[in-house]
Amino acid sequence: MQRALSLAEKGIGYTSPNPMVGCVIVSDDGNIIGEGYHERFGHPHAEVNAVNSVDDKDRLINATVYVTLEPCSHFGKTPPCADMLAALPVSRIVIAMEDPSDKVKGNGIVKLKKNGKKVDVGILKNEAEKLNEKWLHYIEFGRPFITLKIAQSADGYIAAPNGDSKWITCEESRALVHKWRSEDDAVMIGRNTALHDNPSLTVRLAEGRQPKRVVIDGPFELPRNLNLFTDQFEEKTIILTYNREKSESEADPMLKMFQSNYFRGEIIIVDESNGHIRLKQAMTKLADSGITSLLVEGGQQLSTALLRKGLVDRLQLFIAPKLLGGGSRSIFGLGIRRMEDIVPFKNYTWQQIGRDMLLTSDL
C-alpha cells in the first residue's frame, strides 16, 4: 500500500477534480505483477493502468489488488473500476480508504463483495487521507482548499512604502512557491496586486503544469494589457467580478468577433457586498468550475478579508531576515482587540528555506 501511495502522488496537479489514486497488484506467490496510477483527469484510472501493466493475465488468478481509494462504481469519464475488478479472477482487494463522494460512498466495496471478493479497508488510511486532503475538503465543504501564502520581512511588511515587493524572500522560497502553483488547481490574487505587480502567476522555477489564474476585479476595470490577459496562458485566467453589465458585454460572442483583443479566459459573476465581491459565493462558484485547491498570493486586503471570513485552510508564511520599517503590512484589521481573543496556531511547523523561515499552519 505504501508503494501504491507513492505512485498516486505522481498524479499531483494533473488529476483534479478527481483524486490521486495508486494501485499495485500482487500475485498469489507474493510478487508485484502490476502497478499504475491515475495520471491525468479523463484518462484511465489507477486500477485500469495497473491491470494493463500485467504481462501474463493468468497471474491475476487469486491475486491481491492494493488501491489507495475505493474503486469507483459509476460511469464518468471512464467505466466503473469496481465492475472491472469484480470481473477479474483476483481474490482480494485491499483499500486504504472509502470514497466519500456521493457517487461512490461504499458502493464500490459493496459491488466487490457481492462478486465474491474479499475486501479489506483501512490499511494506511491516515496516509491516504493526507495525500488527498485538499480533494476531501472540496468534497466535504463544496469549496476549494485555500492556502494563503504570505512573504514578509521580519518586521511584518510585504511591500515598501513605494509599493515595491520584489524580492522580500530568497530564490529558494520563490522556487518552492512555483512548485505549489504546479500542484494546486489555481492561483488567486486581488486587483491591487494585479495592478501594482502585473504578475504572470506561471510555473517557471519548478517543473509541473501551469495552474489556472484567478484575479478578483469587482468593478471589471483592470487594464487589458496586463500579463494575465495577454500572455500565452490567457485562456487559463478567470476574472471574478460583480459588474454584470460590463462583463456580460465583453463575454458576448458577437462582440468578440469585432474586437481584436477580446478576453479568451473565463468570467465568473458573483454578488456585490460593500463594493467587493462576496468571497464565500466566489469560492463556491470556483468549486463548481472544478477548482478543488487554491493558492492565494494576494496583498494585505485580500489576505485579511479571507482570514476574517474564515476561508483560509492553511497558512504558508515566509519570514525573510530583513527589515523594512514601513510600507504595507501583511495583515491588518482582523477585528481582534484583546489578547484573550487571540487565535493561536495549531499543528504548525517551522522550516528553513534558504535564508528564510517558513511557518506552516492549518487554520
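Strand S8 (residues 186–189) and strand S14 pair in the parallel sense over 3 bridges. Pairing requires at least two DSSP bridges between two strands. Strands (E, at least two residues) and helices (H or I, at least four) are DSSP runs, numbered from the N terminus. The model is predicted: local features need pLDDT of at least 70, side-chain atom pairs count only at pLDDT 80 or more, and totals for chains, interfaces and linings use all residues. Residues are numbered from 1 along each chain as its sequence is written, and side-chain values use heavy atoms, with hydrogens and water left out.

Strand S14 spans residues 293–296, and both of its faces are covered. Ser293 and Leu295 are buried on one side, Leu294 and Val296 on the other. Buried denotes a relative accessible area under 20%, exposed over 50%, and partly exposed the range in between (1.4 Å probe, protein chains only).

Several loop residues were examined next. Ser16 and Pro17 are joined by a cis peptide bond, with omega about 10°. Pro17 lies in the loop between helix H1 (2–8) and strand S1 (22–26). Leu124, a residue other than glycine, has a positive phi near 55°. Its loop connects strand S5 (118–121) and helix H5 (125–131). Leu124 is partly exposed, at 28% relative accessible area. Phe220 likewise has a positive phi, near 60°. The loop holding Phe220 falls between strand S9 (212–216) and helix H9 (227–230). Phe220 counts as buried because its relative accessibility is 7%.

Gly310 sits in the loop between helix H13 (300–308) and strand S15 (314–320). Gly310 is exposed, with a relative accessible area of 52%. Lys280 is 30 residues from Gly310 in sequence, and their C-alpha atoms are 9.4 Å apart.

A cavity is a set of points, on a 1 Å grid over the protein atoms alone, where a 1.4 Å probe fits but cannot get out; lining residues have an atom within 4 Å of a point. The count comes to 1 cavity of 30 Å³ or more. The largest cavity holds about 30 Å³, the volume being the space filled by probe spheres set on points joined across faces, edges and corners. Its lining includes Leu5, Met20, Thr68 and Asn132. By class, the lining has 6 nonpolar, 2 polar and no charged residues. Nonpolar covers Ala, Val, Leu, Ile, Met, Phe, Trp, Tyr, Cys and Pro; charged covers Asp, Glu, Lys and Arg; the others, Gly among them, are polar.

Methods. On a 1 Å grid over the protein atoms alone, a cavity is a set of points where a 1.4 Å probe fits but cannot get out, and a pocket is an open set with protein on both sides within 12 Å along at least five of seven lines; lining residues have an atom within 4 Å of a point.
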